[in-house]
Amino acid sequence: MSDSEETADVPVSEARLIQVRLDKLERLRSRGIDPYPARFKPNATGAEAKAALETAEAEHGEGARSADLTLAGRMMARRGMGKAAFIDLRDSSGEIQLHIRQDVLGDDYELLDDLDLGDFIGIVGPVFRTRRGEPSIEVNSLTVLSKAIRPLPDKWAGLRDTEKRFRQRYLDLIANERAAEIARMRADIVASMRAFMRKRGFIEVETPILVSVPAGASARPFGTHHNALDRDLYLRIATELHLKKLIVGGFDKVCEIGRIFRNEGFDQDHNPEFTTIESYEAYADYNDVMEMVEQMVSSIALEVTGSMIVPSAEDGGEPIDLTPPWPRLDLREEIKKRAGIDFVECSDVESLSEAMRERDIHVEPGANWGRLLDKVISDHVERTLVQPAFLVDYPVEMSPLAKRKPGLDGIVERFEGFVGGHELCNAFTELNDPVDQRARFEDQERLRRAHGDEEMDRLDEDFLVAVEHGMPPTGGLGLGVDRLTMLLTGERSIREVILYPQLRD
């Protein structure tokens with residue numbers, strides 16, 4: 001059966017298509033051909049082959065050909081019958097056309113009868129330009145590298161089942177050029193981020209993923225059990241406390257780009273495992289961190305996309321200008337302006353809950369004051385911050401790890417960065433007073449027990465002992481790599497920028 005028959009309108013079961021390919025596999029083996037050879041060494045990609053042709057034409061004029069090149073890739077399309085055929089070969093750099101002629105290839109031309117779309121092949125030949133101007137490789141040697149048993153998704157229809165796209169991401173990458181582009185952009189974003197931090201003198205480190213106390217953030221952890229130690233452990237919900245111990249230990253600038261795990265639901269903005277960069281800088285405060293964030297995000301955007309202005313993920317939305325400086329907005333004033341609530345006057349659960357109900361804001365039963373105020377922010381303030389901005393100066397009840405702001409009772413030096421109506425980062429002037437830190441952790445523990453809230457931050461005695469040895473003034477940052485990738489790629493869903501997102505059964 002030819003590929004044209006495989007894609008005909010007559011319905012054909014996948015089992016039949018697989019059997020046809022298995023028959024071809026056996027025919028190849030019966031001819032003494034190994035359909036899965038151990039090695040093949042290409043010396044050029046499709047993009048490099050096209051560049052080689054341009055070089056040859058520049059040196060020798062129209063009609064020039066390159067020297068023989070060796071390429072490998074996946075067959076994505078086939079045209080022509082009889083004594084000549086064209087094949088589109090895809091590798092990591094894109095696609096290039098192959099021109100295969102019986103009078104050039106000889107007896108090996110019969111291999112085409114047993115090849116299908118999706119098969120990997122290796123070829124040798126020079127690059128030339130067809131009469132239509134298409135760079136093509138004249139194949140004078142053809143090697144089967146891997147016979148595909150299952151057919152690919154239809155090239156033009158692609159994968160229409162969204163769940164299948166994410167469950168079988170490899171098919172999505174084959175059928176959807178945008179998916180592959182996003183994956184490459186994410187890699188470029190992380191590489192640019194690493195270079196930025198290294199240039200500013202940060203040392204990148206690795207901290208434990210399995211921890212005895214899941215602290216450093218307000219989140220429900222994933223639990224596991226270590227058999228050899230016979231103890232319960234947790235997947236980290238943040239890297240913060242281990243990184244700050246390194247500040248205590250004498251590293252002035254540390255950062256980690258790594259996976260975080262939180263036992264929560266998932267939506268367009270959340271995935272139970274995600275990637276952040278956390279950084280801590282001695283002798284810096286949250287103003288220094290704000291400057292670093294706006295410089296980092298804007299420079300990454302410029303390096304990866306070529307501009308500090310990126311398109312909105314919303315249809316018809318205004319472009320987002322990441323050019324520094326970003327405005328600093330007082331949290332209390334923004335909440336008063338957007339929601340009509342003054343959190344200083346609504347300083348307990350009852351008064352804040354009443355004010356929220358008056359404005360039709362959902363009040364979560366049993367929620368503590370800080371969680372209620374966070375709901376007000378997400379409902380009435382966050383979505384209005386389309387252009388980049390920092391919300392600054394948060395209540396101490398929401399920020400157990402942040403330093404108090406001089407002259408403002410009950411306020412800490414904390415900011416959150418927002419872009420496109422979504423939170424991008426969270427940062428503090430870090431609390432380094434061990435007595436105050438212990439008292440706040442103990443308050444958090446009391447609140448967690450009183451409200452049965454497994455997402456409240458936890459007391460980590462080892463961290464407290466570290467801070468009691470002395471920690472210098474420090475500015476800390478946590479920024480979501482997935483959120484930044486969504487921003488720079490213009491994607492609305494976090495599942496589009498994570499290669500293997502968590503899915504329901």
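Is D230 buried or exposed?

D230 is exposed, at a relative accessible area of 60%. The cut-offs here are under 20% for buried, over 50% for exposed and partly exposed in between, using a 1.4 Å probe and protein chains only.

A word on the model before going on. It is predicted, so local features need pLDDT of at least 70 and side-chain atom pairs count only at pLDDT 80 or more, while totals for chains, interfaces and linings use all residues. Residues are numbered from 1 along each chain as its sequence is written, and side-chain values use heavy atoms, leaving out hydrogens and water.

**Exercise 1. What does P327 touch?**

Step 1: locate P327. It lies in the loop between β15 and β16 and is partly exposed, at 42% relative accessible area.

Step 2: list its contacts, meaning heavy atoms within 4.5 Å. Skipping neighbours within four places in sequence, P327 contacts P388, A389 and F390.

Step 3: look at the spacing. P327 and F390 are 63 residues apart along the chain, yet their C-alpha atoms are separated by 6.2 Å.

**Exercise 2. Work out the strand order in the sheet that holds β11.**

Step 1: write the order. This open sheet has three strands, β9-β11-β10, paired antiparallel.

Step 2: find the edges. β9 (210-211) and β10 each have a single partner strand, so one side of each has no neighbour in the sheet.

Step 3: check a pair. Strands pair if DSSP finds at least two bridges between them; β9 and β11 have two, in the antiparallel sense. L210 has L235 of β11 as its bridge partner.

**Exercise 3. Which side chain of opposite charge is nearest to R74?**

Step 1: find R74 in strand β1 (residues 69-79).

Step 2: apply the charge rule: Lys and Arg are positive, Asp and Glu negative, with His and the chain ends not counted. The nearest opposite charge is D119, 7.0 Å away.

Step 3: R74 has none, although it is buried.

Step 4: see what surrounds R74. Beyond four places in sequence, its contacts include D88, R90, F120 and I174.

**Exercise 4. Sum up the whole protein.**

Step 1: count the elements: 15 helices and 20 strands.

Step 2: take the dimensions. The C-alpha trace spans about 85 × 50 × 50 Å along its principal axes.

Step 3: check burial. Of the 505 residues, 48% count as buried.

Technical notes: Helix = DSSP H or I, 4+ residues; strand = E, 2+ residues; numbered from the N terminus. Salt bridge = Lys/Arg side-chain N within 4 Å of Asp/Glu carboxyl O.
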